[in-house]
4 protein chains.
Amino acid sequence: MVVKVSIFGMGLVASHYIVGLYRLKEGSMKPYGVPLAKYDLAVDFLEEEIVSVYDVDTRKVGKSVRDIVTESLKDVIPLPSSLPETEVRKGLLMGSAAGLDKLFPVSGRDQEIEPMEAIEEIANELKKDSIDVVFNLISTEPAEPFRSEEELLKRIKEGKASAAQAYAYATYLASKDTGKQIAFINLIPTPLANDPVMVNLFAETNSLLLGDDGATGATPLTADLLEHLAERNRLIRFIVQFNIGGNTDFLALTIPERNLMKEKTKSSIVEDILGYDAPHYIRPTGYVEAIGDRKFVAMDIEWITFNGLVDELIVNMRINDSPALAGLAVDLARLSKALMERGVKGTCYEVNAFYMKNPGPKNAKNEARIKAYYDMLKYLKELKIIKE
Amino acid sequence: MVVKVSIFGMGLVASHYIVGLYRLKEGSMKPYGVPLAKYDLAVDFLEEEIVSVYDVDTRKVGKSVRDIVTESLKDVIPLPSSLPETEVRKGLLMGSAAGLDKLFPVSGRDQEIEPMEAIEEIANELKKDSIDVVFNLISTEPAEPFRSEEELLKRIKEGKASAAQAYAYATYLASKDTGKQIAFINLIPTPLANDPVMVNLFAETNSLLLGDDGATGATPLTADLLEHLAERNRLIRFIVQFNIGGNTDFLALTIPERNLMKEKTKSSIVEDILGYDAPHYIRPTGYVEAIGDRKFVAMDIEWITFNGLVDELIVNMRINDSPALAGLAVDLARLSKALMERGVKGTCYEVNAFYMKNPGPKNAKNEARIKAYYDMLKYLKELKIIKE
Amino acid sequence: MVVKVSIFGMGLVASHYIVGLYRLKEGSMKPYGVPLAKYDLAVDFLEEEIVSVYDVDTRKVGKSVRDIVTESLKDVIPLPSSLPETEVRKGLLMGSAAGLDKLFPVSGRDQEIEPMEAIEEIANELKKDSIDVVFNLISTEPAEPFRSEEELLKRIKEGKASAAQAYAYATYLASKDTGKQIAFINLIPTPLANDPVMVNLFAETNSLLLGDDGATGATPLTADLLEHLAERNRLIRFIVQFNIGGNTDFLALTIPERNLMKEKTKSSIVEDILGYDAPHYIRPTGYVEAIGDRKFVAMDIEWITFNGLVDELIVNMRINDSPALAGLAVDLARLSKALMERGVKGTCYEVNAFYMKNPGPKNAKNEARIKAYYDMLKYLKELKIIKE
Amino acid sequence: MVVKVSIFGMGLVASHYIVGLYRLKEGSMKPYGVPLAKYDLAVDFLEEEIVSVYDVDTRKVGKSVRDIVTESLKDVIPLPSSLPETEVRKGLLMGSAAGLDKLFPVSGRDQEIEPMEAIEEIANELKKDSIDVVFNLISTEPAEPFRSEEELLKRIKEGKASAAQAYAYATYLASKDTGKQIAFINLIPTPLANDPVMVNLFAETNSLLLGDDGATGATPLTADLLEHLAERNRLIRFIVQFNIGGNTDFLALTIPERNLMKEKTKSSIVEDILGYDAPHYIRPTGYVEAIGDRKFVAMDIEWITFNGLVDELIVNMRINDSPALAGLAVDLARLSKALMERGVKGTCYEVNAFYMKNPGPKNAKNEARIKAYYDMLKYLKELKIIKE
């Protein structure tokens with residue numbers, strides 16, 4: 001059963017996902033970093049195929065995926081012999097252009113034709129390509145959820161929706177027109193799986209909207225650390241978490257509105273897990289190009305232990321940011337396909353709770369990842385997606 | 001329902017447990033560091049009462065608990081107005097004396113009378129005092145499990161059992177003679193809950209033997225960190241964990257045989273949780289008196305992530321060693337009482353798995369603490385020990 | 001030889017300086033944290049006396065120093081039996097009010113009378129009190145150096161100078177009128193010792209202007225670490241330094257223009273010491289009240305070693321911010337007095353190079369503190385300020 | 001002016017030195033990690049030439065340097081096109097065999113012929129090869145200094161000297177017989193530059209004995225950190241330093257007597273720099289092969305600052321152990337040659353103080369490296385070894 005994949009945002013995560021997938025296909029690499037690789041799943045990740053890719057960086061549009069991937073990763077990891085030759089297509093800018101053009105040259109279809117027309121064009125391409133799963137991997141953008149379908153339509157027509165919202169809507173349209181189930185996997189902070197309006201659209205077409213914001217790096221670890229402390233009834237005095245890196249996402253986060261989006265998804269864990277809002281400072285902190293994709297994380301947590309004494313935990317990490325998310329993507333594409341086949345629609349908390357920083361649906365709780373993992377395993381076994 | 005407690009080993013953990021308990025009784029402190037404090041339990045920790053205390057340090061034997069506790073903690077934490085006046089009684093040295101006498105002056109009843117006679121003397125005292133729960137908090141000692149009840153009797157008679165083994169046997173005798181259930185909670189590495197011969201004795205008297213080695217500080221955190229990494233299918237390249245402190249337990253661990261005992265209980269998590277024996281160095285590393293009870297822990301973990309790249313996690317902690325264990329003791333006394341009342345006997349994996357470094361029974365698996373916690377909650381709710 | 005001291009800015013550093021000084025006077029504390037305490041200096045720190053204190057926080061103006069100090073430090077350190085009863089006088093706001101009034105209620109004399117009049121009032125008080133040494137310890141403020149004495153006069157008259165610049169000018173006026181030498185020690189980032197116009201004024205009155213920005217915490221350590229690496233000819237790939245704390249200074253630094261001032265003095269070390277501008281991110285990062293005065297610092301440095309391999313150094317610190325600076329102040333008051341007596345005037349690079357983040361005069365190099373220390377010792381011995 | 005080099009101990013440091021030297025010769029690498037590379041020195045490092053190499057590992061003896069180096073470094077760094085073809089000659093075991101044969105198969109000339117005969121054989125080879133500089137890079141060994149030349153001769157004849165002592169004596173003999181100056185650079189802990197008997201022998205032949213134990217990694221950094229703290233008169237409460245690695249030297253240090261040698265040279269800095277013996281634990285801590293040559297260092301330092309408050313500094317490092325030492329070797333060969341030409345003989349504190357953990361001569365002080373660096377620069381400029 002082939003899983004046809006389309007990607008919005010041909011950045012480093014997409015490159016790592018593509019290279020990793022083809023290395024796995026040619027058998028030259030073990031699936032480390034793919035959470036469920038050790039289980040026998042209903043859909044094998046080797047079935048995933050890259051069909052189309054979209055971007056707004058004019059330096060990438062029109063180039064082949066092979067060339068882009070080769071340029072960005074040839075000095076970092078061994079490249080597989082086969083890589084998709086697909087050309088990167090021009091994507092949508094919508095309300096997300098602001099500030100981005102200071103970082104690199106951008107151009108979107110919605111600058112040339114009406115926003116809704118541009119969205120329909122992309123929907124048609126998704127239909128024509130028989131896409132099963134769409135990844136949203138564009139740069140972090142400022143965005144507000146919709147309050148109603150009317151507002152959604154209005155903002156989209158006026159070009160005031162964000163790019164991610166427009167891509168999700170294009171995916172919904174493609175699915176609606178053909179009756180084919182298509183999953184939209186949102187790996188950035190834009191509230192999509194947390195937007196009931198959006199989730200309802202996907203439920204309507206028996207499709208799936210997973211999200212929001214892939215949980216890699218410091219956030220899921222922090223969730224488990226906080227749970228660890230909470231289970232011992234230690235009172236957190238404060239928690240500080242700094243992140244700095246040199247990839248395009250950190251560059252985009254130097255734009256204050258984008259940073260704020262990230263801060264929200266990163267900070268929501270504190271109260272969700274502890275049950276009280278411990279003093280905290282958790283956010284992407286800066287950009288230094290020379291750090292590259294292997295970001296530096298520093299964390300300091302102080303708590304009160306038995307008899308009122310104060311303990312301290314300091315964590316420092318060097319994490320390859322993009323591969324971590326790419327490894328999750330390998331699982332998420334096949335999981336989405338298997339879930340839709342079993343009739344799961346709208347969104348899926350059990351999967352989001354493990355894979356996402358801000359798991360949808362709206363108001364769903366962020367919980368310790370270790371708990372979410374075992375709950376998800378049970379759920380996937382019941383659905384016979386994991387075979388025992 | 002009063003829980004009468006006896007303690008073997010009047011060290012810093014015992015001091016913190018006693019002070020904390022009486023501060024909780026007088027309401028001058030919140031129960032931070034007591035894991036189940038936020039639940040409504042069948043037995044309240046305010047019911048715990050210190051009845052007797054034993055030690056082999058000749059500087060302590062004959063002194064009042066109040067005086068010892070005051071001396072060791074008066075500059076560290078506020079002391080409650082009431083503290084037990086009980087005199088510390090002389091304990092057992094057995095095969096555990098070796099090396100200890102270089103650290104402080106020791107003396108045991110078994111040096112004056114036959115080992116079995118000394119054990120029976122203590123059993124009689126436990127009976128006379130109507131003890132419900134016994135804590136084993138003596139210095140880490142070298143010890144081998146028994147292979148049979150015959151071997152147990154032989155080694156005990158010849159004084160070749162360890163002190164902890166002798167105390168556990170005395171507890172068994174007290175219970176056997178009276179029919180009264182008594183729990184023995186082993187918070188040091190000696191294999192007791194991991195020794196089927198010992199566990200069987202306690203099952204025989206409908207009593208409970210919990211252990212081994214209270215899980216505080218770096219070990220349970222490491223368990224959760226390794227689980228976190230394993231759930232993402234990251235391959236651990238190596239894990240290093242250093243511990244250094246200035247309390248008596250770290251002093252005792254400078255004696256190589258004692259250090260080895262600790263290394264065993266600390267290292268067992270690696271293969272249990274990862275499923276393979278990743279290269280590791282995990283052990284108490286040294287003693288520097290000036291560090292005091294707030295030990296320093298350093299950890300370094302490297303793993304392979306998606307696409308074969310290498311990530312790194314460095315953890316540094318300053319942990320108040322004794323209060324952490326004392327907080328667990330507050331829970332364990334009342335839990336033991338409640339479990340025995342509900343007919344649980346021998347040992348109890350569900351509780352050990354969360355509270356102990358090397359959870360009994362023998363060959364039981366070490367698992368992530370976050371998982372063990374939720375499994376234990378479910379178990380305690382089913383037994384109606386946690387009321388919902 | 002008494003050293004009469006006046007302080008601008010009755011914050012936590014002033015409190016620690018005052019408490020420490022009086023604890024030293026009553027002999028209840030050793031002078032740890034006072035760099036030159038182990039040498040026999042021409043002027044003893046026991047000669048320092050607090051004569052007057054100024055602030056713009058309306059909650060402090062009119063209160064006694066004793067009360068303010070007691071309130072802020074009584075739970076932190078033992079207080080000496082004697083503390084100055086002096087009342088805090090109202091200071092100057094000038095161009096530095098912006099944003100500050102959102103943090104706490106402020107009021108300055110220059111809001112009531114003309115700026116120049118207010119400055120002269122303070123100059124008269126310094127004269128009347130026979131002040132020898134003035135400390136500038138106000139909140140970090142945005143400020144530009146003067147390009148000429150004309151510009152200085154113009155900006156001061158129009159109230160467009162910063163508060164620190166106005167205080168320095170008041171000090172100059174006091175000295176000019178009386179002929180008495182007065183030292184102004186600038187412990188915040190405002191460029192004063194780095195402003196040739198200001199330094200010339202002090203030279204004119206045979207007085208001394210030391211600064212800028214007291215070198216405590218992470219910056220001088222970073223200087224020595226960079227020197228350490230540079231001496232081995234290692235190529236720095238990047239250096240990252242985060243700082244977070246919960247005192248008023250960190251609060252003030254959440255105002256972007258103030259943060260920028262700090263970033264400048266903190267970053268200047270990189271190129272000065274390495275000889276090239278290695279990629280860096282060095283700045284105060286945030287404010288979390290619960291952290292208090294014991295700030296958290298995290299640093300990551302990567303470099304290329306022999307054969308092109310990459311090493312990494314991660315530093316984490318918990319530093320009591322205010323006492324560190326207060327300890328330097330103890331030395332600086334007496335050093336200033338001794339230097340002026342020996343005819344040193346304007347500014348003094350040899351002393352600034354060790355004690356200041358951005359040592360004046362303008363364009364003077366930031367160098368490793370260990371080198372600066374030995375150069376300063378030599379200089380002070382030649383002047384017979386340190387007796388051998 | 002060619003500098004002919006011989007190496008005792010064909011391990012990873014020798015491999016890195018040789019590869020690095022030939023990469024520098026072919027111009028494919030910058031001299032990062034070579035401290036004095038930025039100065040114009042009397043002798044260029046490009047003049048250094050590897051002439052002979054000795055080892056006791058039977059797997060290496062008889063093999064070409066090219067093959068050994070290629071095997072150990074081909075996956076780590078780019079190899080230069082030209083590498084010496086020299087065959088590794090069999091070295092001396094002497095009293096240093098103990099325990100080593102458990103780590104790898106060993107064999108020494110002194111097992112076949114009389115110790116003194118074996119030493120003379122090597123001396124003759126050094127003469128024949130016209131060696132200028134000898135590096136001692138053998139595994140850390142237990143060794144005691146000689147009390148007199150008589151004792152030296154006796155212990156050497158009886159095979160009770162250590163291997164390093166025997167190599168140094170062979171070097172002395174070669175120099176004595178020919179009148180040619182030969183430098184012996186001791187980069188391991190064996191007290192040679194700290195042994196007046198040995199230093200006198202080298203002085204007698206106008207030759208130079210530099211040492212002991214190359215200062216790379218954590219020790220020189222600790223020296224500078226302690227100096228940094230001492231200069232601010234902070235009272236060190238304790239200092240802890242752990243080291244763990246996976247190269248042969250860490251393996252050898254699992255043998256307790258060898259570990260003790262390292263602990264001595266590493267700990268001597270504390271009292272030398274602070275002026276008092278602060279509580280400390282500083283030693284190589286363990287061996288985990290998977291860590292490889294990029295060792296992990298963890299350090300914790302607590303001190304008392306002004307007003308009696310406690311600060312803390314935690315340092316974590318990942319350091320390529322062997323390249324760091326190899327980079328120093330590049331300088332030391334040419335420096336030795338230049339020093340001997342200018343008549344420096346015996347040993348040279350000015351150079352040892354910067355490059356060595358335990359700088360000779362005996363009882364010479366360990367000082368901050370930053371100070372030692374500037375003192376050395378001055379010394380080398382006076383001797384016109386560094387041209388200005």
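A polar contact is a pair of N or O atoms within 3.5 Å; within protein, one atom must be able to donate a hydrogen and the other to accept it, and residues adjacent in sequence count only if both atoms are side-chain atoms. The model is predicted, with local features requiring pLDDT of at least 70 and side-chain atom pairs pLDDT 80 or more, whereas totals for chains, interfaces and linings use all residues. Residues are numbered from 1 along each chain as its sequence is written, chains are lettered from A in the order in which they are written, and side-chain values use heavy atoms, without hydrogens and water.

**View 1. Polar and charged pairs between chain A and chain C.** Eight residue pairs are in polar contact between the two chains, both residues at pLDDT 80 or more. The interface of chain A and chain C also holds six salt bridges (a side-chain nitrogen of Lys or Arg within 4 Å of a carboxyl oxygen of Asp or Glu). One of the salt bridges joins A:Glu312 to C:Arg318, with the closest N and O atoms 2.7 Å apart.

**View 2. Extent of the contact between chain A and chain C.** Chain A contributes 23 residues and chain C 22 residues (contact: heavy atoms within 4.5 Å). About 1,900 Å² is buried between them, 70% of it from carbon and sulfur atoms (accessible area, 1.4 Å probe, lost on putting two parts together, summed over both).

**View 3. The axis relating chain A and chain C.**

Note on methods. Copies are superposed by least squares on the C-alpha atoms of residues with pLDDT of at least 70 in both.
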